[in-house]
Amino acid sequence: MKFISSNQNQLLSKIATNNGHGEDSPYFDGWKAYDSDPYHPTRNPQGVIQMGLAENQLSFDFIKEWIVNNPKASICTAEGANGFKDIAIYQDYHGLPEFRNAVAKFMGKVRGERVTFDPDRIVMSGGATGAHEMVAFCLADPGDAFLVPTPYYPGFDRDLRWRTGVQLFPVVCESSNNFKITKAALEAAYSKAQETNIKVKGLLITNPSNPLGTILDRETLRSVLSFTNEKNIHLVCDEIYAATVFNKPGFISIAEIIEEMECNRDLVHIVYSLSKDLGFPGFRVGVVYSYNDIVVNIARKMSSFGLVSTQTQHLIASMLSDDKFVDKFIAESAKKLATRHGVFTRGLAQVGIGSLKSNAGLFFWMDFRRLLKEPTLEAEMELWRTIIAHPKLNVSPGSSFHCSEPGWFRVCFANMDDETMRLALRRIKNFVIQAKGQQASAAKKQYGQSKLQVSVSFRRMEDLMMTPRMMSPHSPMVSPLVHART
Ligand SMILES: Cc1ncc(COP(=O)(O)O)c(C=O)c1O
């Protein structure tokens, strides 16, 4: 049989062919580079280390212990097999009551039990990915927009926009005030959207932030909520990293703020999942928690397209109902994250590399601005390609998070074991030292050429070498990957 090969896309839908998934972005390119040459301690010790994946692998020893001690929680063990039939047959799309109760309780615990969550408002989805799309379908029509403070998680471009036709409109936040979400930035974005005749239906915030690893303070949350109320638009809060806060100050949920402030609760919605806090992204347990009855109702109907398997609900219900385990897990996981974060950020500080002060998440926001040849997005991409090719680390460039300033990189630190972490840190440090060495010789050469007879102190010399224009962090060893990409 002969197939028509030319312009196959004409046979497919616009959604299928519009590239809305975003797979061709640098964010996913880094993953591809990792996939084609993945680091392995014995099989491929020179391979690329994956530091672009926000995964929490540090606490699986606790989980394993619990699984071994609770065989009845699984329907695939001798102890749990009696429950197999009831779990395997069709269940209604509200979700198992014990699952919703356990998740609601967990959400409260993660927020220091300062707020409670109503299990009847919990709607299941396929991870937070499915939850975001569901919220977008419920709140907006094609062409409508959500404001999103930058830098933001690149997956939002896919989750909220691709199949819904909704747009995202950036609220530009800057490093000069640690990327704070200010009222002025919100107002500016809102007005700009209106000038272009875009109907703004809501504001999407991520607290704690991916990629910044910071949490929103009470004052910012209050101002964000009053902004959305004044404009009569929705506020969607992605709180997927709620339990990853590992240092003070503590996490404040929007659920607490709406208790303190007069507001229209119908406009407030929380997106949550167990992908980060528990470290189970493979289970695809996502949640929409809306304070709006109609949204709960509609989302529940839509959830038929992305239900969590009953087997998973059954296991999670049992695990999260174990208070002793959950309390220990939350505390120990935070400790492990704090240690990891500290090792990385202090290690980088030793070679003069700073990062945004952060206390949450599975990553930090590394400041490589001084290693750019020039302060442009092109220079950022060039540096990123070099980092993948030579020290062989997949860190994610700020531009993939829509960061308005070049030179920031997100570095994930919780998806590897201690050995890999030490190697990754060594590779970054060596890279920085080498880059500085090259800057030093470039600067010296420039001095020699200009034949300037000035005496320059070492400190001053280093300052000069660090000015972006004089930098050349690039290794003489240029990999085929870089050639292929440039
Ligand atoms: C802020 C944020 N929201 C949503 C998601 C998607 O999470 P899930 O794996 O639960 O779909 C991620 C994943 O990295 C994320 O960082």
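The model is predicted. Helix α6, which spans residues 127-139, contributes the most to the shell around the ligand, and α6 also crosses helix α11 in a right-handed manner.

**Ligand surroundings**

- Around the ligand there are 14 residues, of which Gly127, Ala128, Thr129, Ser273 and Ser275 come nearest.
- Helix α6 supplies 3 residues to this shell, the most of any contributor.
- Sorted by class, the shell holds 8 polar residues, 5 nonpolar residues and 1 charged residue.

**Packing of α6 with α11**

- Helix α11 comprises residues 293-302, and its axis comes within 10 Å of the axis of α6, with a crossing angle of roughly 125°.
- Because of this angle, α6 is classed as oblique to α11.
- The crossing of α6 past α11 is right-handed.
- On the α6 side the contact involves Met134, Phe137 and Cys138, which meet Val295, Ile298, Ala299 and Met302 of α11.
- This contact between α6 and α11 consists of 7 nonpolar residues, with no polar and no charged residues.

**Packing of α5 with α12**

- The crossing of α5 past α12 is left-handed.
- From α5, the residues in contact are Glu98, Phe99, Ala102, Val103, Lys105 and Phe106, while α12 provides Gln313, Ile316, Ala317 and Leu320.
- By class, the contact of α5 with α12 contains 7 nonpolar residues, 1 polar residue and 2 charged residues.

- Proline 151 belongs to the loop between β3 (145-149) and α7 (155-161).
- Proline 249 sits in the loop between β6 (234-238) and α10 (254-260).

- Asparagine 19 is not a glycine, yet its phi is positive, at about 65°.
- The loop between α1 (14-17) and α2 (26-36) contains asparagine 19.
- Asparagine 19 counts as exposed because it has 10 C-beta neighbours inside 10 Å.
- Histidine 402, likewise not a glycine, has a positive phi of about 60°.
- The position of histidine 402 is in the loop between β12 (396-397) and β13 (408-412).
- With 18 other C-beta atoms within 10 Å, histidine 402 is partly exposed.

- Alanine 389 lies in helix α14, which covers residues 377-389.
- Alanine 389 has 21 other C-beta atoms within 10 Å and is therefore buried.
- Although alanine 389 and glycine 47 are 342 residues apart in sequence, their C-alpha atoms are 9.8 Å apart in space.

Definitions and conventions: Residues are numbered from 1 along each chain as its sequence is written. This is a predicted model: local features need pLDDT of at least 70, side-chain atom pairs count only at pLDDT 80 or more; totals for chains, interfaces and linings use all residues. A residue is near a molecule or strand if its C-beta atom, placed from the backbone, lies within 6 Å of it. Helices (H or I, at least four residues) and strands (E, at least two) are DSSP runs, numbered from the N terminus. Ala, Val, Leu, Ile, Met, Phe, Trp, Tyr, Cys and Pro count as nonpolar, Asp, Glu, Lys and Arg as charged, and the others, Gly among them, as polar. Axes are lines fitted to C-alpha atoms, for helices over the stretch in contact, and angles run from 0 to 180 degrees between N-to-C directions. Angles under 35 degrees count as roughly parallel, over 145 as roughly antiparallel, 65 to 115 as roughly perpendicular and the rest as oblique. A crossing is left-handed if the near helix is turned anticlockwise from the far one by less than a right angle, and right-handed if clockwise. Two residues are in contact if their C-beta atoms, placed from the backbone, lie within 7 Å. A residue is buried if 20 or more other C-beta atoms lie within 10 Å of its own, exposed if 12 or fewer, and partly exposed in between; C-beta atoms are placed from the backbone.
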